Amino acid sequence: MDAPAVQPGPDQDWGVLVRIWEETGAPEGCKVEIIDEIVTVSPPPSKDHSTTAALLQRPLYTVIPEEWGIYQTLGVALPGRGGIYMPDLAVLPRAVLSGPGYHVPAEEARLVVEITSRANANHDRVSKVNGYAKAGVELFLLLDPWHSGRPTATLYGEPEAGTYRVLQAVEYGGKISLPEPFGLDLDTGVFPVS
C-alpha cells in the first residue's frame with residue numbers, strides 16, 4: 001500500500017518537487033515517485049513483480065543495441081506533468097545517463113515498462129499512460145496481472161498530441177510483438193499471475 005503522499009503547495013515549482021523527491025527518506029527498497037505533482041512512496045515490489053521484471057529483461061538484452069541499457073531504478077522526469085516516474089524497466093541509450101543527477105528526461109526512453117501491483121494499478125493504468133504519452137516516450141508496455149481477474153499485457157505506441165495508440169493487447173498467455181528496433185515477440189505466459 002502507498003505511504004502517505006507529500007503534496008507541495010501551489011507556490012512550489014518543478015525544482016522544489018525534484019528536491020523533495022531527491023531528499024525523501026523512504027525505507028530502502030521503496031519506490032519514491034512524483035505522480036501529478038504528488039510525491040508517493042510505494043513498498044518494495046513483490047516476488048512475482050520482481051520475477052516478471054527479470055523474465056522480461058533477459059530477452060530484451062538479446063535484441064537491444066550494445067550501447068543501450070535496461071534500468072530498474074531510474075527516475076524519468078516529466079516536468080510538464082509534474083512528475084518523476086520510476087518505471088519497472090526503462091530502455092534507453094547509456095549515453096543519456098552520463099553526468100550527475102538521479103533522473104533523465106522521459107522522452108529519451110525507447111521503451112518503458114510498468115508492472116502493476118494491487119496498490120499502484122490505477123497510477124500505472126491512467127496517470128502514467130497519459131504522462132508517458134505526453135512526454136513522447138516511444139513505447140510503453142503495461143503488464144497488468146491485476147486487470148479484472150484476467151492478467152493482460154498492453155503495448156502503447158505512436159504518441160501523438162499527448163495520446164497513445166494501443167498497438168496490441170493480449171491476456172497473459174498470448175504474445176506481444178515489440179516493433180523495431182526491438183523486433184521481439186514476448187511470450188506473456190511465462191509471467192507469474194499474482
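Trainee: What radius of gyration would a compact globule of 194 residues have, and how does the chain compare?

Mentor: Good place to start, and remember that this is a predicted model. With 194 residues, a compact globule would have a radius of gyration near 16 Å, and the chain has 16 Å, so the value agrees with the globule rule. The C-alpha atoms fill a box of roughly 45 × 35 × 35 Å along the principal axes. Buried residues make up 46% of the chain.

Trainee: Why is Lys128 called buried?

Mentor: Set the value against the cut-off: buried means under 20% relative accessible area. Lys128 has 0%, so the label applies. This residue is found in helix H3, and, leaving aside neighbours within four places in sequence, Lys128 is in contact with Glu33, Ile35, Tyr85, Glu114 and His123.

Trainee: What makes the pair Lys128 and Glu114 a polar contact?

Mentor: The cut-off is a pair of N or O atoms within 3.5 Å. The side chains of Lys128 and Glu114 are joined at 3.2 Å, which is within that limit.

Trainee: How do you know whether Lys31 is buried or exposed?

Mentor: Lys31 has a relative accessible area of 17%, and the cut-off for buried is under 20%, so Lys31 is buried. It lies in strand S2, residues 31-35. Beyond its neighbours within four places in sequence, Lys31 is in contact with Thr40, Val41, Ser42, Met86, Asp88 and Glu114.

Trainee: What makes S9 and S10 paired strands?

Mentor: Pairing needs at least two bridges between two strands. Strand S9 (residues 111-115) and strand S10 (residues 139-144) are joined by 4 bridges, so they pair, and they run parallel.

Trainee: Why are S4 and S12 called edge strands of their sheet?

Mentor: Start with the order, S4-S7-S9-S10-S11-S12, in an open sheet of 6 strands with mixed pairing. Strand S4 (68-71) and strand S12 (163-171) each have a single partner strand, so one side of each is left without a neighbour in the sheet. From one strand to the next, the twist averages 15 degrees.

Trainee: Which strands does helix H3 lie across, and at what angle does it run to S10?

Mentor: Helix H3 (residues 121-135) lies across S9, S10, S11 and S12, running at about 170 degrees to S10.

Technical notes
Residues are numbered from 1 along each chain as its sequence is written. This is a predicted model: local features need pLDDT of at least 70, side-chain atom pairs count only at pLDDT 80 or more; totals for chains, interfaces and linings use all residues. Side-chain values use heavy atoms; hydrogens and water are left out. Helices (H or I, at least four residues) and strands (E, at least two) are DSSP runs, numbered from the N terminus. Buried means under 20% relative accessible area, exposed over 50%, partly exposed in between (1.4 Å probe, protein chains only). Contact means heavy atoms within 4.5 Å. Axes are lines fitted to C-alpha atoms, for helices over the stretch in contact, and angles run from 0 to 180 degrees between N-to-C directions. A polar contact is a pair of N or O atoms within 3.5 Å; within protein, one must be able to donate a hydrogen and the other to accept it, and residues adjacent in sequence count only if both atoms are side-chain atoms. The radius of gyration is taken over C-alpha atoms; the globule rule is 2.2 Å times the number of residues to the power 0.38.
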